[in-house]
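Me: Hi! I have a structure on my screen and would like to talk through how it is put together. Could you take my questions one at a time?

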Amino acid sequence: MVFLVPALLVAARGDWLRRDIPNMLNAAIAAMAPVYWWAAGFSLWPEIAIIIGLAFALFCLFAVAFAIGAMGGGDVKMIAALALWMTPMQLPMMLIVMAIAGGLLTAVMVVRHRMTKRLGRPEIPYGIAIAIGGLWVIVNQILTNLPQTA
């Protein structure tokens with residue numbers, strides 16, 4: 001997780017500034033997941049197999065959104081790479097928080113787009129919402145694993 005937090009922050013910042021999430025950053029996020037699996041003690045079967053299967057399913061689902069122009073390619077790859085870090089219990093929370101953050105971000109960007117009287121569709125830096133979803137799960141995991149004091 002030490003690697004994932006700064007990677008998500010870099011992705012969010014880059015998406016805000018350039019509307020771009022570099023392939024190398026998404027590849028690094030995905031490539032570091034096996035190190036996390038090993039450190040967390042996940043078993044190859046069924047835990048890691050399920051994680052990979054869910055990440056692949058999300059990639060396919062969001063690839064459809066990319067194909068219809070509703071999402072950028074970097075966003076699709078970032079969701080799949082981040083899903084490799086999520087257990088099946090964490091993944092729904094990440095997606096829910098991502099969707100809420102994405103909806104709020106979209107609303108803000110649409111208002112901003114209209115106020116500045118720009119033409120065309122507003123570009124939504126959805127990498128920010130994806131990062132918020134991932135960071136939410138990470139913070140929740142840290143806070144729920146703190147030792148209890150009486």
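Reply: Happy to! One term first: buried means under 20% relative accessible area, exposed means over 50%, and partly exposed covers what lies in between. Please keep in mind that this is a predicted model.

Me: Thanks! Is Arg19 buried, partly exposed or exposed?

Reply: Arg19 sits in the loop between helix 1 and helix 2. Its backbone has a positive phi of about 55°, although Arg19 is not a glycine. The relative accessibility of Arg19 is 28%, so the class is partly exposed.

Me: And where does Lys117 fall, buried or exposed?

Reply: Lys117 also has a positive phi of about 55° without being a glycine. Its place is in the loop between helix 5 and helix 6. With a relative accessible area of 70%, Lys117 counts as exposed.

Me: What is the peptide bond from Trp45 to Pro46, cis or trans?

Reply: Pro46 belongs to helix 3. The omega angle of the bond from Trp45 to Pro46 is near 5°, and that bond is cis.

Me: Which residues is Leu8 in contact with, leaving aside neighbours within four places in sequence?

Reply: Leaving aside neighbours within four places in sequence, the contacts of Leu8 are Met78, Leu82, Ala131, Gly134, Leu135 and Ile138.

Me: How do helix 1 and helix 6 run, roughly parallel or roughly antiparallel?

Reply: Their axes come within 8 Å and cross at roughly 160°. Angles over 145 degrees count as roughly antiparallel, so helix 1 and helix 6 are roughly antiparallel.

Me: What about helix 5 and helix 6, are they oblique or roughly antiparallel?

Reply: The axes of helix 5 and helix 6 come within 7 Å and cross at roughly 140°. The crossing is right-handed. An angle has to be over 145 degrees to count as roughly antiparallel, so helix 5 and helix 6 are oblique.

Me: How many charged residues does the contact of helix 5 with helix 6 have?

Reply: Helix 5 brings residues including Met93, Met94 and Met98, while helix 6 brings, among others, Gly133, Gly134 and Trp136. By class, the contact has 12 nonpolar and three polar residues, and the number of charged ones is no charged residues.

Me: How are helix 3 and helix 4 arranged, roughly parallel or roughly antiparallel?

Reply: Helix 3 (residues 44–67) packs on helix 4 (residues 73–83) with axes 8 Å apart, at an angle of about 165°. Helix 3 passes helix 4 in a right-handed crossing. The angle is over 145 degrees, so the pair is roughly antiparallel.

Me: Is Leu82 buried or exposed, and which residues does it touch?

Reply: Leu82 is found in helix 4. At 0% relative accessibility, Leu82 counts as buried. Not counting residues up to four places away in sequence, Leu82 touches Leu4, Leu8, Ile29, Met94, Ile130 and Gly134.

Me: One last one: what distance separates the C-alpha atoms of Ile29 and Leu4?

Reply: Ile29 is in helix 2, and at 0% relative accessibility it counts as buried. Beyond its neighbours within four places in sequence, Ile29 is in contact with Phe3, Leu4, Ala7, Ala81, Leu82 and Trp85. Ile29 and Leu4 are 25 residues apart along the chain, and their C-alpha atoms are separated by 6.7 Å.

Terms used: Residues are numbered from 1 along each chain as its sequence is written. This is a predicted model: local features need pLDDT of at least 70, side-chain atom pairs count only at pLDDT 80 or more; totals for chains, interfaces and linings use all residues. Side-chain values use heavy atoms; hydrogens and water are left out. Axes are lines fitted to C-alpha atoms, for helices over the stretch in contact, and angles run from 0 to 180 degrees between N-to-C directions. Helices (H or I, at least four residues) and strands (E, at least two) are DSSP runs, numbered from the N terminus. Angles under 35 degrees count as roughly parallel, over 145 as roughly antiparallel, 65 to 115 as roughly perpendicular and the rest as oblique. A crossing is left-handed if the near helix is turned anticlockwise from the far one by less than a right angle, and right-handed if clockwise. Contact means heavy atoms within 4.5 Å. Buried means under 20% relative accessible area, exposed over 50%, partly exposed in between (1.4 Å probe, protein chains only). Ala, Val, Leu, Ile, Met, Phe, Trp, Tyr, Cys and Pro count as nonpolar, Asp, Glu, Lys and Arg as charged, and the others, Gly among them, as polar.
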